[in-house]
Amino acid sequence: MAAQTVASTTDSRTVDLGPAAALSCRECGHRVPLGPVFACEECFGPLEIAYDFSAYDTEELRKRIEAGPSNIWRYAPLLPVPADVATKPNINPGWTKLVKADNLARELGVTGGLYVKDDSGNPTHSFKDRVVAQALEAARAFGFTTLSCSSTGNLAGAVGAAAARAGFRSCVFIPHDLEQGKVVMAAVYGGELVGIEGNYDDVNRFCSELIGDPAGEGWGFVNVNLRPYYAEGSKTLAYEICEQLGWQLPDQLVVPIASGSQLTKIDKGLQELIKLGLVEDKPYKIFGAQAEGCSPVSVAYKAGHDVVRPQKPDTIAKSLAIGNPADGPYVLDIARRTGGAVEDVNDEQIVEAIKLLARTEGIFAETAGGVTVGVTRKLIENGVLDPTLTTVVLNTGDGLKTLDAVAGTGLTATIRPNLDSFREAGLAS
Amino acid sequence: MSVNVRIPTILRTYTGGQAEVSAEGATLAEVIADLEKNHTGIAARVLDDQGKLRRFVNVYVNDDDVRFEQGLETATPDGAGVSIIPAVAGG
């Protein structure tokens, strides 16, 4: 693909972002050249990547992907990255396990095939590595040398790690009261980590203001001015799920909702695979999962609204605690278009679901995984999700990050180091 | 009532590149009307055809999101800071 000249923050430069052709407003369709901008100058709507895939032959593309590296760069022809992306220093996430969850399926009564896409296997143990790897390539293309973000924790770690690998400075902003595990996992990479006295929406607001101020000049905020590129990383979840299913669409997907970006990009990825002929077109349903203590999209869905009223979050699922979700309206559109739904579960149900997944499949999910598994169970019980169809549930992070959520889990017994004591404790077979 | 309004980058073409301008008004609606008087075209970017805040615009009066307050009727006390911010960030 031809490189394109764009206006960066400070000057014009030539960028090569592969098949990415322009930025297009999802609301009004206004197009602008590729650059570090994220909101439409006409209507404030979100800008997203418009591609030129016209040169691709389906079977050649399939072979090229299958011969690619065991990470997201196998899909480089479908992403806003240069063709030689795999040679650059990055964290190279993806190609995580799609676990056939037969034990969980039995427990939930699913007969059509139940899978867990386990993204805890990424380099910093959450799906955020996918989006950050994308944003890093955009930052490189636009000449940034500092990576930043607002984060509920997982993103902070992913940005810290990617910046370290690439030799960038990082300075990330988080709510001051995050889980200790996430704070440590973000700080260990050596970048600057700043706690903001407020919730995630306050942090996000701060970053949005910083970006327009000389104090933040020249910074690549992965989920603000690089958001159109960053968000595309979530498409790779859709690509991998379909390829791992033998280039087939699943019938049903259960996806967590924080900002809603991941769910919308999974849908975009599935649509691209259909249009490119890489999968056979058939109906699929996307279900969104939220925590009851931060459920603005679920509330809007159930009320039949197409706008999302912000909430003040109060939930243990802090990685999903975005009270003012930027892509909420699009999540509603997708859930309704595909025949899915949006549902929520309370904190107690989240903890039960974390333990259920761990007990049945040996997968220790963070609270967001408890939300998707808990919502899957609720949707089946309510007759909304069809247990006879192939269903994929996302686990987007590692339980080691949110140990507090299952803090009551511990020793079965404490015994003296002898057999009598072992037998007395009722542990003998 | 005079307030300071922080202008996002994508609206600075209307303010001659200024990141902060002052405006008059006792409510947010009046502040936006005053902005339009001095920076023609800016109101149509912030408000939709029905005169409501566009869904991808967040406005804060001091630290309060006006969607949690009275929307365009939110009071703007003398000396308040008003921030107009694209809503599509984060996640």
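How many residues of chain A are in contact with how many residues of chain B? In this predicted model, 29 residues of chain A are in contact with 21 of chain B, two residues being in contact if their C-beta atoms, placed from the backbone, lie within 7 Å.

Residues are numbered from 1 along each chain as its sequence is written, with chains lettered from A and ligands numbered from 1 in the order in which they are written. Local features need pLDDT of at least 70 and side-chain atom pairs count only at pLDDT 80 or more, whereas totals for chains, interfaces and linings use all residues.

**Stop 1: the side of chain A that touches chain B**

Select residues 200–210 of chain A, helix α6, which gives the most to this side, with five residues. Helices (H or I, at least four residues) and strands (E, at least two) are DSSP runs, numbered from the N terminus. The side comprises 13 nonpolar, nine polar and seven charged residues. Here Ala, Val, Leu, Ile, Met, Phe, Trp, Tyr, Cys and Pro count as nonpolar, Asp, Glu, Lys and Arg as charged, and the others, Gly among them, as polar.

**Stop 2: the two domains of chain A**

Next, colour domain 1 (4–56 + 128–230) and domain 2 (97–125 + 234–406) of chain A separately; such bounds come from an automatic or database domain assignment. Their centres, taken over C-alpha atoms, are 24 Å apart. Domain 1 of chain A brings 20 residues to the contact and domain 2 of chain A brings 22. On the domain 1 side, α3, α4 (154–166), α5 (180–187) and α6 of chain A each supply at least two residues, and α4(A) has the largest share, four residues. By class, that side has nine nonpolar, six polar and five charged residues.

**Stop 3: the largest nonpolar core**

Select V132(A), A135(A), V159(A), A162(A), F287(A) and L320(A), which touch the most other members of the largest nonpolar core, a set of 157 residues. A nonpolar core is a set of buried Ala, Val, Leu, Ile, Met, Phe, Trp, Tyr and Cys residues joined through C-beta atoms within 7 Å. Helix α3 (residues 128–141) of chain A gives the most to this core, with eight residues. Both domain 1 and domain 2 of chain A contribute at least three residues each. Centre the view on L320(A): beyond four places in sequence, its contacts are P256(A), I257(A), A258(A), Q290(A), A291(A), C294(A), A368(A) and V371(A).

**Stop 4: a pair of helices**

V371(A) also belongs to the contact of α12(A) with α13(A). Show α12 (residues 347–361) and α13 (residues 367–381) of chain A, which pack at an angle of about 95° with their axes 7 Å apart. Axes are lines fitted to C-alpha atoms, for helices over the stretch in contact, and angles run from 0 to 180 degrees between N-to-C directions. The helices are therefore roughly perpendicular, a term for angles of 65 to 115 degrees. Their contact has eight nonpolar, five polar and two charged residues.

**Stop 5: two single residues**

Is T76(B) buried or exposed? T76(B) is buried, because 25 C-beta neighbours lie inside 10 Å; the cut-offs are 20 or more other C-beta atoms within 10 Å for buried, 12 or fewer for exposed, and partly exposed in between. T76(B) is in the loop between β4 (64–65) and β5 (81–86) of chain B. Although 73 residues separate T76(B) and V3(B) in sequence, their C-alpha atoms are 7.2 Å apart.

Finish at G195(A), in strand β10 (residues 192–196) of chain A. G195(A) is partly exposed, with 13 other C-beta atoms within 10 Å. Leaving aside neighbours within four places in sequence, its contacts are I174(A) and H176(A).

Definitions and conventions: Angles under 35 degrees count as roughly parallel, over 145 as roughly antiparallel, 65 to 115 as roughly perpendicular and the rest as oblique.
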